[in-house]
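This briefing goes through one protein chain by topic. Please look over the sequence and the structure before reading on.

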Amino acid sequence: MKTITTHFINGKFVESKGKEILDLINPSNKKIIGQVTLGNEEDARDAIRAAKEAFKAYAKSTLAERIHYLQQLHDAIAARADEHIAIRAKEYGGVYLHSQASVSGAAKVFLNMKKSLSEVPFHKKLGQAEVMLKPVGVAGLITPWNAAIFMICNKVAPALAAGCTVVIKPSELSALQTQLLLECFDAAGLPPGIINAVNGRGDVVGNELTTHPDIAKVSFTGSTAVGKSVMRNAAETVKRVTLELGGKSAHILLDDADLEKAIPFALTAGFMNNGQACIAGTRVLVPEHRLADVKAAFRKAVPNLKVGNPTDEDTVVGPLVNEKQYNRVQSYIRKGIEEGAEILIGGEGHPEGLEAGYFVKPTIFVNVTNDMKIAREEIFGPVLAVITYKNEEEAIRIANDSVYGLQGWISTTDPERGKEVADRIEAGIVMVNQLYDLYNDAGVPAGGYKQSGIGREFGVYGIEEYLQTQAIFEK
Ligand code: NDP
């Protein structure tokens, strides 16, 4: 059992001033695996002070220095990749397949930023002015528990590339993963105060970051409900905000889709990270006349997905993160039944033999209409809602009939047609027939339309979120 009593402030692990202790529980067996002491407002203020002091010098650092630090951070995380993968399985049930990609992505994002940095137009002559891009100041980074270390790195890397210093408020449900990451940050040997982190509750430490006048920018990933309150709080001191929020993405199976490929793709898109992924394709839109074939294909494919121990390399669906999440998913399954949807596969309760942990049955609903709660609200578990449509127009209308707009998914044998449909989907990213590797170095932006967020992450787009312009006219 690991006990974490410190925060990372000004280059040191310092004892928490907050006293509340939280048990950390392995969701595969409900055993206590650690404890974390939660910070209070004073801890947060100490971290903000350190970041503000460090900003004075770091804002003036050269690109060569930042590139050196980004490389150091990459190396430090990559050196402990196996430990990161293991702790993810233990702390939130992250399955090996997903964790491997996510951990290597977390390290790689620092390398990618080195490349993106060379593409940022830091100086530009416009008319009589010189327009410069300058770091906004201290950034408060607030992250969720799913794929925690990737979420943190995907904010730290662009912030540091831009010349900002940071205070991280991770989810307390990811304290062990974060502690390991902080040890890597420490080993990377950056000057003190550039990276700081405080464990704590959202309404305590998170609240301090979103209201403190010395935080210039908040980058938040989490639920839409909390994102709205972050934005409200940030408004008081006119902070810049980036919000990466929830989703209820549609996966349109066009009428020409090859079900041999489309159904496995729908399961990958829907069940990734045990269904706890903001981008999951959870509404599966199916042509009415192909419903019988789609049902048969799901019936055949789902029982072959291994549900269970997340450390087994062939496990596809591990447990949900905690009891609250387990109960939430169960309640949505009940709501779906009450609203008249029909369970094709899965349903309430644990899969047989997995009663000891927060495992749920991968569940597929049919006879779903887009006005049902299971089609409108983010469930955050392995539950898919199959909705039928009569023609392409109706499929696009249903896909866009959502307050969210994070991601779209399309299956078709005609990529040109897929692209035309994608063009009409209101979402920040649309994947046609493929699961694009977001961790590559192309710097493709990700982020939401509508209530799925504001701003973009990855590449130059991600760095720009931490920069502001200054135009100097001289004669
Ligand atoms: P939450 O919104 O509950 O929490 C996210 C973070 O915000 C946590 O660190 C939380 O702390 C903190 N927080 C809570 N209340 C406040 C507050 N008042 N002020 C400041 N910070 C606060 O999300 P979850 O952690 O449950 O993560 C799941 C959600 O994240 C899903 O909706 C998912 O779609 C979304 N998400 C979006 C992604 C995207 O890129 N668009 C990617 C991944 C997830 P605490 O832990 O103490 O509550």
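Buried means under 20% relative accessible area, exposed means over 50%, and partly exposed covers what lies in between. Glu 42 is therefore partly exposed, because its relative accessibility is 41%. The model is predicted. Its chain is assigned two domains, domain 1 (2-245 + 452-473) and domain 2 (250-432).

**Domains and their contact**

- The C-alpha centres of domain 1 and domain 2 are 31 Å apart. To the contact, domain 1 brings 21 residues and domain 2 brings 29 residues.
- About 2,000 Å² is buried between domain 1 and domain 2, with 59% of it on carbon and sulfur atoms. Of the area that domain 1 buries against domain 2, 25% comes from Val 95, Trp 145 and Ser 452, more than from any other three residues.
- The count of salt bridges between domain 1 and domain 2 is zero, whereas the count of residue pairs in polar contact between them is eight (both at pLDDT 80 or more).
- On the side of domain 1 that touches domain 2, α3 (81-92) and α4 (96-117) each supply at least two residues. The largest share of that side comes from α4, with three residues.

- In soluble globular proteins, nonpolar side chains tend to be buried together.
- The largest nonpolar core here has 59 residues, and those with the most contacts inside it are Phe 110, Val 156, Leu 160, Ile 168, Phe 185 and Ile 195. Helix α5 (residues 148-162) gives the most to this core, namely ten residues.
- Both domains take part in this core: at least three of its residues come from domain 1 (2-245 + 452-473), and at least three from domain 2 (250-432).
- Another core, of 32 residues, lies apart from the largest one; Val 329, Tyr 358, Ile 379 and Ala 422 are among its members.
- Which residues are in contact with Leu 160, leaving aside its neighbours within four places in sequence? They are Tyr 58, Arg 66, Leu 73, Val 166, Leu 190, Ile 194 and Ile 195.

**A histidine in helix α3**

- His 84 lies in helix α3. Is His 84 buried or exposed? His 84 counts as buried, because its relative accessibility is 1%.
- Leaving aside neighbours within four places in sequence, His 84 is in contact with Ile 77, Val 103, Ile 149, Leu 180, Leu 181 and Cys 184.

**Salt bridges**

- The structure holds 26 salt bridges.
- Lys 2 and Glu 183 meet through their side chains in a salt bridge, at 3.6 Å from N to O. This pair links distant parts of the chain, with Lys 2 in strand β1 (residues 2-4) and Glu 183 in helix α6 (residues 175-187), 181 residues apart.
- Lys 2 counts as partly exposed at 40% relative accessibility, and Glu 183 counts as partly exposed at 23%.
- A network of salt bridges links Lys 2, Arg 80, Glu 83 and Glu 183.
- The side chains of Lys 17 and Glu 42 meet in a salt bridge at 3.7 Å, N to O. Lys 17 is in the loop between β3 and β4 (21-26) and Glu 42 is in helix α1 (residues 41-58), 25 residues apart. Lys 17 counts as partly exposed, with 37% relative accessibility.
- The side chains of Lys 52 and Asp 214 form a salt bridge at 3.5 Å, N to O. Lys 52 lies in helix α1 and Asp 214 in the loop between α7 (202-211) and β11 (215-221), so this pair ties together parts that are 162 residues apart in sequence.
- Lys 52, at 42% relative accessibility, counts as partly exposed, and Asp 214, at 29%, counts as partly exposed.

- Asn 10 has a phi near 55°, a positive value in a residue other than glycine. Asn 10 is placed in the loop between β2 (6-9) and β3 (12-15), and its relative accessible area of 39% makes it partly exposed.
- Asn 433 has a phi near 60°, a positive value in a residue other than glycine. The loop between β20 (429-432) and β21 (449-450) holds Asn 433, which is partly exposed with a relative accessible area of 36%.

Definitions and conventions: Residues are numbered from 1 along each chain as its sequence is written. This is a predicted model: local features need pLDDT of at least 70, side-chain atom pairs count only at pLDDT 80 or more; totals for chains, interfaces and linings use all residues. Side-chain values use heavy atoms; hydrogens and water are left out. A nonpolar core is a set of buried Ala, Val, Leu, Ile, Met, Phe, Trp, Tyr and Cys residues joined through side-chain atoms within 4.5 Å. Buried means under 20% relative accessible area, exposed over 50%, partly exposed in between (1.4 Å probe, protein chains only). Helices (H or I, at least four residues) and strands (E, at least two) are DSSP runs, numbered from the N terminus. Domain bounds come from an automatic or database domain assignment. Contact means heavy atoms within 4.5 Å. Buried area is the accessible area (1.4 Å probe) that two parts lose on being put together, summed over both. A salt bridge is a side-chain nitrogen of Lys or Arg within 4 Å of a carboxyl oxygen of Asp or Glu. A polar contact is a pair of N or O atoms within 3.5 Å; within protein, one must be able to donate a hydrogen and the other to accept it, and residues adjacent in sequence count only if both atoms are side-chain atoms.
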